[in-house]
Amino acid sequence: LPLVSDGEEHTSPKTEAPETEQSQTKTRMEKIFGFKKEDLSSWESLVTLLNRPTDPACLGIFRCLFGLLMAIDVTQERGLSHLDYKYLDGAPVCRFPLFNFLQPLPLDWMYLVYLVLFLGSLGIMLGCFYRLSCLLFISTYWYIFFLDKTTWNNHSYLYGLIGFQLTLMDGNRYWSIDGLRRPSIRNAHVPLWNYTLLRTQIFIVYFIAGIKKLDADWVEGYSMSYLAHHWLFDPFKVILPVELVSLLVVHGGGLILDLTAGYLLFFDATRPYAFFFVSYFHCMNSQLFSIGMFSYTMLATSPLFCYPDWPRRFFDRFPSFLKAVLPLTSAEPQRSTSCVYQGDQTSSGERQQAPAAPKAPKLRLRHKLRAIFTILYIAEQFFMPYSHFITQGYNNWTNGLYGYSWDMMVHSRSHQHVKVTYKDGKTGEIGYLNPGVFTQSRRWKDHGDMLKQYATCLSHFLPRYNISEPEIYFDIWVSINERFQQRIFDPRVDIVKAEWSPFRPNPWLMPLLVDLSPWRTKFQEIEGSLDNQTEIVFIADFPGLHLENFVSEDLGNTSIHVLQGNLNVEIVEEKKNYTSSLWCECVQVPAGAYHKVYTVSDDPSCYMYVYVNTTEAALQENFTKLYELQERVRNGTETEPLPPELQPLVAADDDEGAEVNATDPIVKLFLKRQRRMKEVKKRREAGVLERLERFAVKKYYTIRRGFLMTAIAMRNLAVGLPPLEQLTREVEFANMKGPQAEAAPDERLKDEVGHGEL
């Protein structure tokens, strides 16, 4: 396994002479991989190899960087800054823990948990009471992680794994407060298995992610096709059409990088190129996705593949007056009881004698246990991404809970239709619930285990609203990787009473219609033939089921076109039925009314909704006329006097900072839209310093709120709650935002007028 090089070729000046002599006798394998074939010839040799003394410098720098990033992550992705919104203390909320007995503590105590997590991260960064800090970090981190499956992702899982590994490692041997407190461990060797574990973990992240990207959807360019439209890929679009940018750069480049990055980082000859590509890759990801500290954490792991003494050589180039605060650069690492030294003797007197032949190192039980742990941990990490045949209850259209399989970005989903129906078990009364009621998460729509938890939770809350023994039915339509929209769960099954086990397949999961995947090529042809105002949705349904749908009054021209199979379309209010079975035969459906689409063929049916948002089209037409009129007024070609309701068009040019004051709703919306477009344009054209200032101010107030709310919670725990008026003032002070705070999400401008603006 090419992950155990300890960098013997780069040592401190005090050991150059013997190492030079030793390097002349190194075999080719030892020069490339860092170990000899004999090191794997027996169990004792392997234990000796894994416990070989190694420079602690690189591990110490990584420990410091990881602790810093995790301290920042506490206020960001872990959610300290919005903890009160996340847990909604005392409110009726459905939660999704890994184990149902896990529940969040009262809000003030959750702030204490996060404070302990932050202090643990800070202790790791500083190397202060290192082992205790690691224990504080991983205990609170995994508690928060297991508390909410809806926030799981691969990089959050990775943070927990690295924290666990650091707990067992000697990460405080270099550039740490513990080293200042305890000279016996300062700058002491660390065993090679410390580096082996971390390097292998990062290798697995890259390589298994590459293996998962060999999925046909990724190779054919359907997983992340929308990314090619991002401005980061504009340089590639100069020489390639957007379709090839998606296929070759986004999907092909991502596949090749993940498959090869782990190998390229290891070898000296390829490491500089690997550094460039993985750094470019992670910097792009930091702009493409909201993934917190993940990109920066992966950047921090890249130097782990360098020779372990690189920090000494790096910091040795700094001016001498800075070396008092920088890590050690010249001192030779001291011996450590954690390592196995070649030729160790039983006494100091024997070590001074020149033996005829080097004696075998003395292996202790702890050395053997650490070697066993290293091997078992690596094997477990290679096994986990493919362990879904055990936890079959968590499998849906994709295997397992998203978070430990390294199948990052392989699957994209869109939800077209979600209907939650309840039935009173005693009266038989049927009603409907808003999708997502009593929860802030959306991920329950795609996972059977979460759907079961959600239904059980709803069955506990609904009796408060005079609904006895409720039955809950879900009709959820999902498209995965640009396929047809289709049902993911059987809408005829009462999920409250439905059976679910983590070790058995989900019986009410509907199969993914993979046989219809070739239709995606036809989708592109059909969409390319439409005008800009016409929209389309592709639907596939199972025999014996039907879709009940309501057409909004905004959609004044909606029709259903058959692609495959036989349909029976029922217009509910008109009590009329239309049968359609021919290719692209269409049925017009009225706006503002319900209709049902029955699949009456023996095989799954395929059809498409074609519709025009007539309200939006009319609005866009009015906007165009108002813009043309405004331009004529500006250049003086408009000869007719403007009526009173259009006068604000002129006033808006005279005073851009004035409030929109128009009586006509269309004019008011037009002027409001123009103002927001100018604001967005100004922000996009801002210089680097202005962007950095805006970013820094935003982060400052985010972090500020987290710590102020934590201080309030600690005060509450220590001395009790203050009067309500005082608590209100304190929370208002914590909620204060900067003068350049971004607008609320509902005020942000879309590139095009959307339903939110209507």
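Reader: Is the crossing of α10 and α13 left-handed or right-handed?
Author: The crossing of α10 and α13 is left-handed. Please keep in mind that this is a predicted model.

Reader: At what angle do α10 and α13 pack, and how far apart are their axes?
Author: Helix α10, residues 192-212, packs with helix α13, residues 242-266, at an angle of about 150 degrees. Their axes are 7 Å apart. Angles over 145 degrees count as roughly antiparallel, so α10 is roughly antiparallel to α13.

Reader: Which residues meet there, in α10 and in α13?
Author: From α10 the residues are F203, Y206, F207, A209, G210 and I211. In α13 they meet L255, L257, D258, L259, A261, G262, Y263 and L265.

Reader: How many of the residues in that contact of α10 with α13 are nonpolar, polar or charged?
Author: The contact has eleven nonpolar residues, two polar ones and one charged one.

Reader: Let us turn to α8 and α15. What is the angle there?
Author: Helix α8 (residues 154-168) and helix α15 (residues 294-301) pack at about 45 degrees, and their axes are 10 Å apart. That angle makes α8 oblique to α15. The crossing in which α8 passes α15 is left-handed.

Reader: Which residues of α8 and α15 meet?
Author: H155, L158 and Y159 of α8 meet F294, T297 and M298 of α15. By class, this contact of α8 with α15 comprises four nonpolar and two polar residues, with no charged residues.

Reader: Which residues of α24 are buried?
Author: The buried residues of α24 are R694, R704, R705, G706, M709, T710, I712, A713 and N716.

Reader: And what do the buried residues of α24 pack against?
Author: They pack against α5 (83-87), α6 (107-126), α23 (665-684) and α25 (724-734).

Reader: Which residue other than glycine has a positive phi near 45 degrees, and where is it placed?
Author: L88 has a phi near 45 degrees, a positive value, and is not a glycine. L88 lies in the loop between α5 and α6. Most residues other than glycine have a negative phi.

Reader: What about F129, and where is it found?
Author: F129 also has a positive phi, of about 45 degrees, although it is not a glycine. F129 is found in the loop between α6 and α7 (130-147). With a relative accessibility of 47%, F129 counts as partly exposed.

Reader: Finally, the protein as a whole. How many helices and strands has it?
Author: The protein has 25 helices and 14 strands. Its C-alpha atoms fill a box of roughly 105 × 65 × 65 Å along the principal axes.

Reader: What share of the residues of the protein counts as buried?
Author: Of its 758 residues, 48% count as buried. Among contacts with a separation of 6 or more, 72% are accounted for by residues 24 or more positions apart.

Key
Residues numbered from 1 in each chain as written. Predicted model: local features only at pLDDT ≥ 70, side-chain atom pairs only at ≥ 80, totals over all residues. Heavy atoms only, no water. Axes fitted to C-alpha atoms, helices over the stretch in contact; angles between N-to-C directions. Helix = DSSP H or I, 4+ residues; strand = E, 2+ residues; numbered from the N terminus. Parallel < 35°, antiparallel > 145°, perpendicular 65-115°, else oblique. Left-handed = near helix turned anticlockwise from the far one by under 90°. Contact = heavy atoms within 4.5 Å. Nonpolar A, V, L, I, M, F, W, Y, C, P; charged D, E, K, R; others polar. Buried < 20%, exposed > 50% of the residue type's maximum accessible area, 1.4 Å probe, protein only.
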